[in-house]
Amino acid sequence: MRRIGARPGLVVRANQLELAELDRARLRRWQERAPRDVFTLGLWVGPYPEAELEAIARMKAVMNTAPRDDLEIEDHHVTVEELRQEEAALQRRGVVRWTLYARERGTGEIAGYTEVFWDPLHPETLHQGDTGVFPRYRNRGLGRWLKAAMLERILAEHPEVRRVRTGNANSNAPMLKINYALGFKPRKTWTEWQVALARVLEYLAAPSS
C-alpha cells in the first residue's frame, strides 16, 4: 500500500467477549443506574417498522460522530431507500438484527442505539454492530445501559450464543472503555488505507516488471 502511495487512515481493533466470562453483576449495576426518569428503551427485532424509517434514518446519523482519525470521508446520511435495501439483504441471508434504542421521554427523540446481528448458520457467534449516543445525551450512562440491556436479552433469549465480536477504532476511547469493562478482549487489528484515485490508475496502467 505504501508503494502505491497509500497512507493509513484508521486503525480498527476487533474485540471478542466470551459470554461465559461476562460479569452479570456489572450488567445489573449499569442498568440500575440508568436514567429511566428521562429515557425509555425500545426494541426492534428483525425488520425496522415501516412507520419508523424516517426516524431511524435520522438515528443512524449519530455514527457520523464516531472517530475517523485521518480518513478523508464525508458524513454519510442514510436514506429510507438504503434502509429498505439493507432489510432485503439481511432477509436473503437469513440474518436477524436486534436494535435497542433509547428515546427521550419528553421529546420522543431517539438519543442513541445499539445493534447486534445473529446468523443462524453461525449461531454461537453474535456480531455487534453500531452503538452510538448523540453528543447532547452523552455522559448520562446511556451507552452502558444500552450495551448491558442488550447483553441481558441475548443471554435470556439466545442461550446458544457463546461469544460476541465487535470492532472499534483504536481512538474510540469511550466505547473501548465500556467494552473492556464488559470483558471484551483484543482479537485482531486491521488498518483502513486511503490513496488518491489518480495514483491507483497510474499504478494499474504501469507495465508489470
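For a charge to sit over a ring, NZ of Lys or CZ of Arg must be within 6 Å of the ring centre and within 35 degrees of the ring normal. I noted R136 and F134 too: the charged end of R136 sits over the ring of F134, 5.5 Å from its centre.

This is a predicted model, where local features need pLDDT of at least 70, side-chain atom pairs count only at pLDDT 80 or more, and totals for chains, interfaces and linings use all residues. Residues are numbered from 1 along each chain as its sequence is written, and side-chain values use heavy atoms, without hydrogens and water.

Next I looked up aromatic pairs (rings of Phe, Tyr and Trp, the last by its six-membered ring, with centres within 6.5 Å; planes under 30 degrees apart are stacked, over 60 edge-to-face, the rest tilted). I found 3 in the structure. W44 and Y48 have ring centres 6.0 Å apart and planes at 80°, so I logged them as edge-to-face. W44 and Y101 have centres 4.1 Å apart and planes at 25°, so this pair is stacked. W44 lies in strand 2 (residues 39-45) and Y101 in strand 3 (residues 96-104), so the pair ties together parts 57 residues apart in sequence. Strands here are DSSP runs (E, at least two residues), numbered from the N terminus.

W44, Y48 and Y101 form one aromatic cluster.

Are these residues buried or exposed? I used relative accessible area with a 1.4 Å probe, protein chains only: buried is under 20%, exposed over 50%, partly exposed in between. W44 is buried at 8%. Y48 is buried at 6%. Y101 is buried at 11%.

How values were computed
Helices (H or I, at least four residues) and strands (E, at least two) are DSSP runs, numbered from the N terminus.
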